[in-house]
Structure formats: structure tokens, C-alpha cells
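Please look over the notes below with the model open beside them.

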Amino acid sequence: MATESPLLLAVSLLSHCPLSGYLARQVGKSRIAHKIMPPIVTGPPEFERTFRAHQNCVEFYPVFMVLLWTSGTFFSEVTAAGAGLVYMVARQMYFNGYVKSAKKRIPGFYLNLAVVFFLSLLSFIGILPMHTHL
């Protein structure tokens with residue numbers, strides 16, 4: 001069971017904020033380089049890959065947050081926070097690979113999936129003993 005104060009989980013999530021800002025900034029730079037003004041989201045393949053890489057990160061982030069907090073609360077805060085750091089590295093790998101080519105996103109994608117499945121497993125392991133006490 002986690003500690004009373006979820007400090008490590010908070011630090012893990014807060015450490016993702018600069019990464020999210022950085023990824024968003026990369027989309028902005030790509031927009032400027034390719035002269036693509038919002039709300040347009042299509043253009044040269046380089047722009048579209050950058051845009052999709054960021055969008056995929058944004059779309060997956062709520063799932064990650066739920067799993068991080070659930071596994072950290074009901075299984076182990078330290079383990080969950082460590083997985084959160086690995087997730088951040090995986091997201092950066094995914095983004096960098098996708099910007100270069102769609103195929104190069106795969107290693108980061110698989111690492112992301114591994115972290116999500118790991119956090120899911122920890123969450124269920126942490127919650128199941130509580131179910132038996134209901």
C-alpha cells in the first residue's frame with residue numbers, strides 16, 4: 001500500500017509537464033517551418049507526423065494518469081513512480097521516432113505499451129485483495 005502522501009506520484013506526473021510543453025512546442029515549430037496555420041492539421045508528411053506524434057501522446061495521457069495513480073495508491077507508489085519515469089522516456093522515444101518516420105515510432109510505442117500493461121497489472125493486483133474484503 002502507498003504512503004499517506006502521494007508525493008512520488010505527484011512528482012512523476014509533474015515531471016511530464018515540461019515534456020508535454022516541449023512536444024507541443026515542436027508542433028508549433030513545425031507549423032512555422034511548413035507555414036501551416038491552425039486549425040489546419042494537414043500538410044507535408046513531416047508536419048503530419050509531428051502533429052500526430054504529439055496528438056497521440058495527448059490522447060494516451062489520461063489512461064496513463066489513471067493507471068499511475070491507481071497502481072501507486074493500491075500497489076506501490078515507488079514502483080508506479082518509477083514506471084512513470086520510464087513512460088516519459090518511452091514517450092520521448094515515440095515522438096522522436098515518429099517525427100523521423102512512422103516506422104521509427106515502433107520501439108517507443110512498444111515501450112509505452114509495456115509500461116501501460118505493467119501499471120494495469122499492478123493496479124489489478126493492488127485492487128483485488130480489497131475486493132475480497134467487501
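1. Tyr87 is buried, with a relative accessible area of 1%. Phe64 counts as buried too, at 0% relative accessibility.

2. This is a predicted model: local features need pLDDT of at least 70, side-chain atom pairs count only at pLDDT 80 or more, and totals for chains, interfaces and linings use all residues. Residues are numbered from 1 along each chain as its sequence is written, and side-chain values use heavy atoms, with hydrogens and water left out.

3. Rings of Phe, Tyr and Trp (its six-membered ring) pair if their centres lie within 6.5 Å; planes under 30 degrees apart count as stacked, over 60 as edge-to-face and the rest as tilted. The count comes to five aromatic pairs. One of them, Tyr61 with Phe64, is tilted, at 5.7 Å centre to centre and 40° between the planes. Phe64 and Tyr87 are stacked: 4.0 Å and 5°. This pair links distant parts of the chain, Phe64 in helix H3 and Tyr87 in helix H4 (residues 77-100). Helices are DSSP runs (H or I, at least four residues), numbered from the N terminus.

4. Check the loop between H2 and H3. Pro39 lies there, and the peptide bond from Pro38 to Pro39 is cis, with omega near 10°. Lys35 is in that loop. Its phi is near 55°, positive in a residue other than glycine. Lys35 counts as exposed, at 73% relative accessibility.

Technical notes. Helices (H or I, at least four residues) and strands (E, at least two) are DSSP runs, numbered from the N terminus. Buried means under 20% relative accessible area, exposed over 50%, partly exposed in between (1.4 Å probe, protein chains only).
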